[in-house]
Amino acid sequence: MSETHAQTVAFVRDTMLPPAPPPIAEAGVVKWLRENLFSGPVNTVLTLLALAIVWFMLRHFGDWFSHSVWNADSLSQCRQIIAETWGEGQRGACFAVIRERWNQYMFGFYPPALYWRPTMGFGLLFVALAPVLFSESQKIRRTVLIVTTVLTLWMMLRLNAPGAWMIFAAVVFLGGLLISERNVSWLLIFSVLYPFLGVWFLWGGSLWSPIMALAGPLLGLLAWRLVARFIPLLAPVAGAVVTFGWWLLYSARAARDAENLLSFAIPFVRSDQFGGFLLSITIGLAGIAMSLPLGIILALARRSDMFLVKSLAVMFIEFIRGVPLITLLFVASLLLNYFLPPGTNFDIILRVIIMVTIFAAAYMAEVIRGGLAALPRGQYEAADSLGLDYWKAQRLIILPQALKISIPGIVSTFIGMFKDTTLVTFVGLYDPLKSMSDAVRASVSWKGIYWEPYIFVGVIFFIICFGMSRYSMYLERRLARDHR
């Protein structure tokens with residue numbers, strides 16, 4: 001053993017060692033594979049199993065997709081092109097049916113000359129949603145509005161929209177863009193007006209009908225204010241009675257009289273001409289917009305200390321949750337007419353929207369009730385200590401936190417409801433999945449085609465639902481759910 005101890009030897013290196021690459025196992029593809037695919041025995045087995053599934057899918061369906069035909073006039077022509085290109089006995093998908101029937105899958109039996117109307121209405125929807133969905137990020141809001149403006153005007157031009165409506169759409173888009181740059185909260189006025197304008201764009205008819213429908217809540221609010229001065233407890237009841245009374249008794253007649261005096265009408269489109277994704281998106285958006293506030297009210301009612309309010313809310317929620325949606329759709333289609341006055345013409349799409357909204361609201365109430373129950377007791381005590389009344393405490397302290405917690409469940413309910421819109425096929429409406437595909441197959445040219453329509457509809461549904469899921473993730477990050 002040396003007598004010289006290492007700690008007693010002074011050594012200072014005066015040259016730098018050349019940089020060396022990290023070990024192969026700690027960098028590059030090998031590191032990524034080791035950490036993400038083969039990090040342990042279980043993950044290794046699952047990775048190999050997933051690779052086997054991918055190989056099986058490619059082995060059995062790869063040629064079917066790779067031999068697909070996108071330009072043909074019939075199924076027999078597709079088969080002929082596949083045989084001439086890839087040889088006799090080869091198989092391939094015939095996505096040419098999607099190319100030829102694109103408009104039918106998008107708009108159903110909507111008049112082709114009026115395709116620009118739902119296109120414009122869907123584009124203006126993003127202007128209405130900008131202050132609601134993208135109020136915090138000016139960059140995202142600007143990008144969404146610019147892309148929507150360009151795409152909508154381009155599609156309206158391709159669909160031969162009248163020049164006056166092109167100017168109207170351009171003015172609204174540019175006005176919305178400028179207002180969002182100055183003060184995005186001013187766009188909330190358009191957000192309130194859009195549901196009435198959207199109905200007019202889709203169904204057409206007299207502009208006085210949505211105006212008179214909008215007058216109902218305004219009259220209800222006026223009645224609320226007047227009654228609140230004398231009997232505050234009855235003010236909400238008075239507002240609701242005046243609103244629904246106006247809608248049921250006077251709105252239609254007032255719109256008809258106003259139309260006779262000054263006409264603002266565009267061609268009317270019947271509800272049975274709606275179909276495809278236009279029908280699904282209309283029902284889905286209306287259900288989403290109305291089921292959230294109704295679900296909040298039901299959740300608060302279920303947690304109320306008032307026995308009668310709580311009991312009614314519990315009975316309603318449990319009854320709706322215990323009944324399949326298809327049963328409610330049959331009620332909307334068949335039984336509801338028996339309870340309406342003779343001669344009443346209640347639109348079938350409106351009936352379906354009401355039932356879908358009720359169904360989604362019952363599930364929404366339970367999701368929000370979970371968020372309310374997750375809040376610590378101290379939040380309620382803090383609201384009480386500030387001297388806030390019930391509604392102010394709910395609006396300013398309780399509900400924002402409960403909704404923030406419930407975001408994943410709320411979006412999951414929205415996605416489920418949007419996919420359930422395909423069930424309207426059982427009440428005679430042309431959903432994009434079954435009814436529209438059956439209508440396409442009824443043609444002699446495309447008789448025998450099977451998987452291609454289902455794949456196309458599934459891809460569109462996936463894109464929309466995936467977009468909703470990604471937005472919920474963005475919303476969670478924006479609201480910082482972890483209370484950092």
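Modeller: Start with one pair. Arg 91 and Asp 63 form a salt bridge, with the closest N and O atoms 3.1 Å apart. A salt bridge here is a side-chain nitrogen of Lys or Arg within 4 Å of a carboxyl oxygen of Asp or Glu. Arg 91 sits in the loop between helix H3 (75-86) and helix H4 (96-100), and Asp 63 in helix H2, so the pair ties together parts that are 28 residues apart in sequence. Helices are DSSP runs (H or I, at least four residues), numbered from the N terminus.

Biologist: What kind of model is this?

Modeller: This is a predicted model, where local features need pLDDT of at least 70, side-chain atom pairs count only at pLDDT 80 or more, and totals for chains, interfaces and linings use all residues. Residues are numbered from 1 along each chain as its sequence is written, and side-chain values use heavy atoms, leaving out hydrogens and water.

Biologist: How many salt bridges does the structure hold?

Modeller: It holds 12. Look at Arg 321. Its side chain meets Glu 318 at 3.8 Å, N to O. Both lie in helix H13 (residues 307-321), 3 residues apart, about one turn of the helix.

Biologist: Which residue in helix H15 pairs with Arg 321?

Modeller: Glu 366 does, with the closest N and O atoms 3.3 Å apart. Helix H15 covers residues 348-374, so this pair ties together parts that are 45 residues apart in sequence. Shared partners join Arg 302, Glu 318, Arg 321, Glu 366 and Arg 369 into one network.

Biologist: Is Glu 366 buried or exposed?

Modeller: Glu 366 is buried, at 17% relative accessible area. Buried means under 20%, exposed over 50%, partly exposed in between (1.4 Å probe, protein chains only). Arg 321 is partly exposed, at 35%.

Terms used:
Helices (H or I, at least four residues) and strands (E, at least two) are DSSP runs, numbered from the N terminus.
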